[in-house]
Amino acid sequence: MMQLFDVYPLQDITIDRAKGAWVWDAEGRKYLDMYGGHAVISIGHTHPHYVKRVTAQLKKIGFYSNSVKMPIQQELAKKLGQLSGKPDYQLFLCNSGAEANENAFKLASFATGRKKVVAFKGAFHGRTSLAVSATDNPKIIAPVNQTDHVIFLPFNDPVALERCFSEQGNEIAAVITEGIQGVGGIYVAGDAFLQKIRGLCDAHGSIFIADSVQCGYGRSGRFFAHDFAGVQADIYSVAKGMGNGFPVAGILIGPHLKPWHGMLGTTFGGNPLACAAALAVLEVIENENLMTNATAIGQYLADELRQLPSIREVRGRGLMIGIDLPDELVSLRKALLMKERVFTGEAKPNVIRLLPSLGITRDEADLFLTKFRELL
Ligand SMILES: Cc1ncc(COP(=O)(O)O)c(C=O)c1O
């Protein structure tokens, strides 16, 4: 019998069905999902509008290739431009976060004719070729992906960035940073740091790539976490929350970056079913004011958590929260899952990541806090 390639350490749980912020296992036990399947569930599991729109699209046509006109792609671009506050940007659709970043790098290199990329300590940008090379985890970089094109600098350090640009600014194609580092442990990029990136990219003709795969799509309370700094990136990469579980991703590309035929391409990217899923997500975010909810519930959770004893630090924005725990509480996350039936995410060495649906209610947040306090 064919076996699965065993790359994931698994929880001994089978999830069978889900609704809103809740999932049920095969034995019918109910869990509060504060993890959202890794920041993917943006509008809540099996949201009725989402199910309806995706089902209707599937009955009509699920797939055709990018060789024909697809009005639903235009519709998605229009809605995304409007909700993200970037109506003059262009949209290229693909299938995953790594692929989005890969296309962003490629575009930056085409546009500048340069090869070097600046990335930061603690960054995660995906597992494909240049995306993994720009990820600060040597363990997952295969020999074939090792390159001297990537320069790693300390995160949130404008001085180091300035020094790097003064030495080799005319070779740098792009600077890439998450607005809030996710896998790295929920560290917010400071306003001054993001403004410095913008300024140096402008001065040296480099491209600012805002990796918004995890922190984007309203999770921080703004559409892009980078928006807090009041600067525009040249390219925003989006994925995870974009399809609420349907694999859809993209890059939003500034109006000054011009395409040519064949520059980028994809088989599956932007298919009608993916667009229907992405449109359903945006419609729900808008109609149910989910960004406002993310701000309010996120602030409430963070404020309450900060009052608890024994926690080292609470970091993040909106519904992207990191609870940094001391070593003696290393088993807390496991206990949350097994005893209290609450899914959360983790970051090394000992950070619990909360990445729930943006539609999570105050009651659900209170329930989480009660369970968390009990365990503490
Ligand atoms: C910030 C960031 N960028 C890129 C990726 C890669 O996305 P994907 O797994 O969809 O390729 C991730 C995934 O965790 C991420 O958190």
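The model is predicted, so local features need pLDDT of at least 70 and side-chain atom pairs count only at pLDDT 80 or more, while totals for chains, interfaces and linings use all residues. Residues are numbered from 1 along each chain as its sequence is written, and side-chain values use heavy atoms, with hydrogens and water left out.

**Exercise 1.** Describe the salt bridge between D324 and R312 and the exposure of both residues.

*Solution.* Step 1: apply the criterion, a side-chain nitrogen of Lys or Arg within 4 Å of a carboxyl oxygen of Asp or Glu.

Step 1: locate the partners. D324 belongs to strand β14 (residues 320–324), whereas R312 lies in the loop between α9 (290–306) and β13 (313–317), 12 residues apart. Helices (H or I, at least four residues) and strands (E, at least two) are DSSP runs, numbered from the N terminus.

Step 2: classify exposure, where buried means under 20% relative accessible area, exposed over 50%, and partly exposed in between (1.4 Å probe, protein chains only). D324 counts as buried because its relative accessibility is 8%, while R312 is exposed at 54%.

Step 3: extend the view. R312 and D324 join E313 and R315 in a network of salt bridges; the total count of salt bridges in the model is 17.

**Exercise 2.** Characterise the salt bridge between R333 and E346.

*Solution.* Step 1: the N to O distance is 3.8 Å. Step 3: R333 is partly exposed at 23% relative accessible area, and E346 is partly exposed at 36%.

**Exercise 3.** Where is F228, and which residues does F228 touch?

*Solution.* Step 1: F228 is found in the loop between β10 (207–211) and β11 (235–238). Step 2: its relative accessibility is 26%, so F228 counts as partly exposed. Step 3: with contact defined as heavy atoms within 4.5 Å, F228 touches D191, S220, R222 and R317, not counting residues up to four places away in sequence. Step 4: R306 is 78 residues from F228 in sequence, and their C-alpha atoms are 22 Å apart in space.
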